Amino acid sequence: MMTQTDEKLIPHPPLKNFYQDETQRNEFVNRIFNDTASKYDPINSILSFGSGNWYRKQALLRSGLTTGMDILDVATGTGLVAESEIAIIGPKGSVMGLDRSYNMLAEVGKKLNIPLVQGDANGLPFSDNSFDFLTMGYALRHVDDLKETFKEYFRVLKPGGTLLILELMKPTNKIIYRMILLYFRLMTALISMPGVGGKNEGKLIQYYWETIDQFVGSDIIINSLSETGFAQAKSHQLFNFFTEFTAIKA
Ligand SMILES: C[S@@+](CC[C@H](N)C(=O)[O-])C[C@H]1O[C@@H](n2cnc3c(N)ncnc32)[C@H](O)[C@@H]1O
């Protein structure tokens with residue numbers, strides 16, 4: 001599926017089950033995350049069978065996060081990646097959380113004592129060369145423009161700084177693809193049940209699957225990171241699904 005234009009590199013084509021065209025996408029994304037923020041953590045635990053924290057920590061350590069670093073966690077959501085980062089960096093480091101959704105940031109405020117900013121990955125309100133490490137967990141599929149987002153990540157990282165993007169990529173192995181599709185269908189049914197989640201939460205899981213299914217491939221992401229100026233842009237995968245993209249601002 002071709003999604004690259006001269007100006008923009010959009011993560012996936014418009015998803016007509018949820019909104020009609022690209023101009024309505026941001027509004028839909030803001031609404032779905034604002035509407036589901038209070039149930040995001042329990043849903044996440046169900047989806048990942050409780051293994052999410054362990055995996056996030058391992059991915060952060062694998063990509064070189066260490067004590068004393070200053071981190072920007074973009075699309076922090078309810079702060080799940082930020083929480084794992086705090087445990088690694090110790091008292092000399094710092095984590096700043098940024099998200100477009102006010103309700104998500106309100107959830108972080110209930111759990112973590114970190115500075116929070118409401119903002120967009122496409123236009124970060126920070127000076128050049130501000131952070132040692134920049135993370136984005138499971139949100140690259142939701143940005144407006146991959147090129148603009150990567151330019152911003154490059155700009156705010158210090159020279160030598162590391163970018164880590166966690167994503168769920170469409171499996172290339174057909175058996176794994178079918179298993180994950182089935183899993184998402186079952187989870188949509190389960191999470192739509194009033195006692196577990198609800199209508200909005202079910203819709204969120206359905207939307208997740210469509211964004212995964214329609215997302216640009218790993219090669220496009222890695223090429224775009226390299227074109228932005230990042231060095232050593234690469235990916236690391238588990239089970240042909242859980243993917244870590246890393247790159248260095250040389
Ligand atoms: C699936 S949640 C991920 C939250 C968290 N990083 C995690 O790993 O659990 C996606 C988050 O991305 C945020 N988001 C989506 N597009 C964004 C953008 N362009 N800029 C900043 N935040 C964005 C949403 O508001 C939502 O909180």
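Predicted model: local features only at pLDDT ≥ 70, side-chain atom pairs only at ≥ 80, totals over all residues.
Modeller: Residues are numbered from 1 along each chain as its sequence is written, and side-chain values use heavy atoms, with hydrogens and water left out.

Biologist: Why is Trp209 called buried?

Modeller: Trp209 has a relative accessible area of 9%. Buried means under 20% relative accessible area, exposed over 50%, and partly exposed in between (1.4 Å probe, protein chains only). Trp209 is therefore buried.

Biologist: Why does Tyr177 count as partly exposed?

Modeller: Tyr177 counts as partly exposed because its relative accessibility is 22%.

Biologist: Why is the pair of Tyr177 and Trp209 called tilted?

Modeller: Rings of Phe, Tyr and Trp (its six-membered ring) pair if their centres lie within 6.5 Å; planes under 30 degrees apart count as stacked, over 60 as edge-to-face and the rest as tilted. The centres of Tyr177 and Trp209 are 5.6 Å apart and their planes stand at 55°, so the pair is tilted. Because Tyr177 lies in helix H7 and Trp209 in helix H8, the pair ties together parts that are 32 residues apart in sequence. Helices here are DSSP runs (H or I, at least four residues), as are strands (E, at least two), numbered from the N terminus.

Biologist: What makes Tyr19 and Phe28 an aromatic pair?

Modeller: Their rings lie 5.8 Å centre to centre, with 35° between the planes, and the pair is tilted. Both Tyr19 and Phe28 are buried. Ring pairs also link these two with Phe18 and Tyr207 into a cluster.

Biologist: What makes up the largest nonpolar core?

Modeller: A nonpolar core is a set of buried Ala, Val, Leu, Ile, Met, Phe, Trp, Tyr and Cys residues joined through side-chain atoms within 4.5 Å. The largest has 44 residues, and those with the most contacts inside it are Leu65, Phe184, Ile205 and Tyr208. Helix H8 (199–214) is among the elements that each supply at least two residues, and H8 gives the most, with 6 residues. A second, separate core of 31 residues includes Leu9, Leu124, Ala139 and Tyr153.

Biologist: Why is Met193 not listed as buried or exposed, but as partly exposed?

Modeller: Met193 has 44% relative accessibility and therefore counts as partly exposed. Met193 is placed in the loop between H7 and H8.
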